Amino acid sequence: TGPRLLTINVLPLYPHFEVYRAEILTALEHYKAVADPGGPVRVGLRYINQLHGPDANPSDIESYLKCSFSYPAGLVHPPKEFAARILLPYKSFGTLALAVSFPSQTAQGEVAATLDMDFYWNEGDQFNLSEFPAWLQAAHDIVYEAFTSMVADALLRKMK
């Protein structure tokens, strides 16, 4: 916590969203009772996923994610690592910042892909906190759709 700031983190193992949602809403209610935060100027739901373990080529991003990257042939190949970020607007509801980096190294030395999905609202006006539970559910649905759209089918099956 901090001035006009509340962050709720979950480290592995991640529970189902219903559990995480309840923890977020409980923490928010306690925060509102103590801090009287008023209307925030930004709210967000962020998932940072380190994806590892495909049985296919671990040096190929397409074994992890449904994306590919290219750059001019005149530059040194292959790259040590690459990263990209795109912003996807959802009208006045918020923006999905989708960032990918590959290859990443896990603590165990495995090759991984990092998928960072940050859905946020910061439209200039203050956010009405009474609308937060519904916004949180809709934001999660958008992030989940992005996750299942981005992760390679074989890896997604392995994760289930």
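Analyst: The questions below go from the whole chain to single residues.

User: What kind of model is this, and how are residues numbered?

Analyst: This is a predicted model, in which local features need pLDDT of at least 70, side-chain atom pairs count only at pLDDT 80 or more, and totals for chains, interfaces and linings use all residues. Side-chain values use heavy atoms, with hydrogens and water left out, and residues are numbered from 1 along each chain as its sequence is written.

User: What share of the residues in the protein chain is buried?

Analyst: A residue is buried under 20% relative accessible area, exposed over 50%, and partly exposed in between (1.4 Å probe, protein chains only). The protein chain has 160 residues, and the buried share is 35%.

User: What share of the contacts with a separation of 6 or more joins residues 24 or more positions apart?

Analyst: A contact means heavy atoms within 4.5 Å. Among contacts in the protein chain with a separation of 6 or more, the share from residues 24 or more positions apart is 62%.

User: How many salt bridges does a search of the whole structure find?

Analyst: In general, side chains of opposite charge can pair when their charged atoms come close. Here a salt bridge is a side-chain nitrogen of Lys or Arg within 4 Å of a carboxyl oxygen of Asp or Glu. By that rule the number found in the whole structure is 4.

User: Why are Glu29 and Lys32 separated by about one helical turn?

Analyst: The two side chains form a salt bridge, with N to O at 3.1 Å. Glu29 is partly exposed at 46% relative accessible area, and Lys32 is partly exposed at 28%. The separation is about one helical turn because Glu29 and Lys32 are 3 residues apart in helix 1 (residues 17-35).

User: How many residues apart are Arg42 and Asp118?

Analyst: Arg42 and Asp118 form a salt bridge, their closest N and O atoms being 2.9 Å apart. The pair links distant parts of the chain: Arg42 is in the loop between helix 1 and strand 1 (43-52), Asp118 is in strand 4 (residues 111-121), and they are 76 residues apart.

User: Which parts of the chain does the salt bridge of Asp116 and Arg46 tie together?

Analyst: The closest N and O atoms of Asp116 and Arg46 are 2.4 Å apart. Asp116 lies in strand 4 and Arg46 in strand 1, so the bridge ties together parts 70 residues apart in sequence. Asp116 is buried at 13% relative accessible area, while Arg46 is partly exposed at 46%. The parts tied together are therefore strand 4 and strand 1.

User: In which sense do strand 2 and strand 3 pair, parallel or antiparallel?

Analyst: Two strands pair if DSSP finds at least two bridges between them. Ala84 stands opposite Val100 in strand 3, and Phe82 has Phe102 in strand 3 as its bridge partner. Strand 2 (residues 82-90) and strand 3 (residues 94-105) share 9 bridges, and the sense is antiparallel.

User: Which residue in the turn of the hairpin of strand 3 and strand 4 has a positive phi?

Analyst: Most residues other than glycine have a negative phi, and most peptide bonds are trans. In the hairpin of strand 2 and strand 3, with 3 residues between the strands, Lys91 takes a positive phi near 45 degrees. Strand 3 and strand 4 pair in the antiparallel sense over 9 bridges. Their hairpin has 5 residues between the strands, and the turn residue with a positive phi, about 85 degrees, is Gly109.

User: Where is Pro103?

Analyst: A cis peptide bond joins Phe102 and Pro103, with omega about -10 degrees. Another cis peptide bond joins His77 and Pro78, with omega about -15 degrees, and Pro78 is in the loop between strand 1 and strand 2. The place of Pro103 is in strand 3.

User: Which residue in strand 4 stands opposite Thr95?

Analyst: Thr95 is in strand 3, where 10 of the 12 residues are buried. Thr95 is buried, with a relative accessible area of 15%. Leaving aside neighbours within four places in sequence, the contacts of Thr95 include Leu87, Asp118 and Tyr120. The residue opposite Thr95 in strand 4 is Tyr120.

Technical notes
Helices (H or I, at least four residues) and strands (E, at least two) are DSSP runs, numbered from the N terminus.
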